[in-house]
Amino acid sequence: MSLVISGRIVPLARNAEKSTFQGKVWIGDDGHIERVTRGNAAGPRSGFDKAARVDAGHDLVLPGFIDLHSHLAYATLPLWTEPDRTTPFLHHDSWPSASTYAADITWPAYAFIEAAPEALLAYAEVRALIGGTTSIQGSPPKNRPLDGWMVRNVEDETFGGDIASTRVLASTLTLKPDVLATRASQMKAGAGFIYHCAEGQLNSIVAGEYQSARKCGCLQKGFVAIHTNALDPGDYAAWTDPGTIVWSPFSNLWLYGSTTDVPAALARKIRVCVGSDWGPSGTRNVLGEIKVAALVSKRQGWKLTPFDLVRMITCNPGDALAGPWNVQAGRLEPDALGDVVILSARAAADPFAAVLAATEKDVRLVVIGGRALYGDAKPMKAAKAAFPSNLTIAGTKRVLSMTQLDDPSAPSSFAQVLARLKQVRDDPKKALDAAANASAEARMAGAAPRLRLALDMPLGKVPIGGLPKNLGEIVVPPIQPLEHDVAFFASIAGRGFHGGLLDGLGKFYA
Ligand SMILES: [Zn+2]
């Protein structure tokens, strides 16, 4: 079904990125944008007679946000710190050995991925959606391909094709030179490679990951380096065919007390994107993360404008994905993906400043491939959203369109997802035993294997710190609300290594 959205269009179109105008976005029934028109100009000649129509008035109509760095498997978890620790961690291999890491992070995450993988993924996707995210990176490794995504999962998105055609490769693990060399040739053939690289304090040992990537020929256009906060300005000079970095200032400051040298990367024409990272040290969505980016920019005198920051969650990641995906994301222009977010804004508001100020309360409608998946009841109805179910976000009633992961004809709801996760939390051992039995039964019956996910942080498939001998020792912390809430801000003060800077995040939500 085709969809026409009218409102104050913020297209971030390639030829006029700053221009905004009252107009319409025309999304064809193939889920791609056919045209973007100004005022009452005529739309495409055919294909829109029966289109659904959403009128956003003065509200902003933007490309859906892209979160280019996340870890979906940890989305339910609260912020984590190691009690009594007084100095920032040195790099990404420092905190997994902290004494509380396994029990606070690995075990509860393991309980969910093993016992309720479908519900866990659904939770993470709805958490992204309510912040206007339409594509997210960090889907956990899995034993079989999945198709029923709501939000586009960057590594797994096939646009209805074959998983084998996927050209986005990713690794959270430090790779050996032979694998990096293979990635280098895959990138030469058009793939994208998203790599956790040099995550830690400036010039710590993990800077060697970048040098190794350089020696193996990975510093190419298709290279997406996550974090790079251990690099100094000189390091970026080696990247002569600049690609992309993903900046997660909340997580960096929380763990390491310092963050990526963004101006140095920009000076080398490296594309900078923003990612939310993960539950234990991140924001809940990129609409929150750009506020942290703004706080850092202000403190450091970097002078990043709201326009610069909005680009980091729209056209910058969209351009990084356009090569490997073979389709433009993050811009509203002909042939691009029909992924759109509507944010409420005053008629006179500067559009980019309004996006920076917006919170979950302001997300009015989220459309992916022309299908309305989340929003206020009125635009959801106007967009003819399928299988509507209710949920409450930031005190406001909202509507979600969700189906079961493996069956696009079977409706689901966030209440069902939460009920399943709570069941696991109430008795992790019982849920894990039941899952193990179900796996064994499926195997014996020769049935299709149960969905299984792997934890992707930080050193491999075997859970860090191992599991307790008695699964009954696993304690799962409360499942966190989807949005940035008062309790989240309260849990920031006096924890982590940000020197108080992250305390400022709550002001955006007051
Ligand atoms: Zn990460």
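Select isoleucine 342 to begin: this residue stands opposite leucine 365 in β14. The two strands concerned, β13 (residues 340-343) and β14 (residues 363-368), pair in the antiparallel sense over four bridges. Two strands pair if DSSP finds at least two bridges between them; helices (H or I, at least four residues) and strands (E, at least two) are DSSP runs, numbered from the N terminus.

The model is predicted, with local features requiring pLDDT of at least 70 and side-chain atom pairs pLDDT 80 or more, while totals for chains, interfaces and linings use all residues. Residues are numbered from 1 along each chain as its sequence is written, and side-chain values use heavy atoms, with hydrogens and water left out.

**The sheet**

Next, display the open sheet of nine strands, whose order is β3-β2-β1-β4-β13-β14-β15-β17-β16 with mixed pairing. Its edge strands, β3 (33-38) and β16 (388-393), each pair on one side only. Neighbouring strands are turned by 30° against each other on average, direction ignored. Axes are lines fitted to C-alpha atoms (for helices, over the stretch in contact), and angles run from 0 to 180 degrees between N-to-C directions.

From β13, move to β4, its antiparallel partner over four bridges; here leucine 62 stands opposite valine 341 in β13. Continue to strand β1 (residues 3-9), which runs parallel to β4 (residues 52-63) and is joined to β4 by six bridges. Isoleucine 5 has valine 54 in β4 as its bridge partner.

Now select helix α2 (residues 117-129), which lies across β14, β15 (371-375), β16 and β17 (396-401) and runs at about 120° to β14.

**The zinc ion**

Centre the view on the zinc ion, whose protein donors are His69 (NE2), His71 (NE2) and His196 (NE2), lying 2.1 Å from the metal. Donors are N, O and S atoms within 2.8 Å of the metal (3.2 Å for Na, K and Ca); water is not among the atoms, so sites may look incomplete. Histidine 71 lies in the loop between β5 (65-67) and α1 (101-115) and histidine 196 in strand β9 (residues 192-197), so the pair ties together parts that are 125 residues apart in sequence.

Finally, select helices α6 (residues 249-256) and α8 (residues 286-300), which pack at an angle of about 65° with axes 8 Å apart. Pro249, Phe250 and Leu253 in α6 meet Glu289, Val292, Ala293 and Val296 in α8, contact meaning heavy atoms within 4.5 Å.
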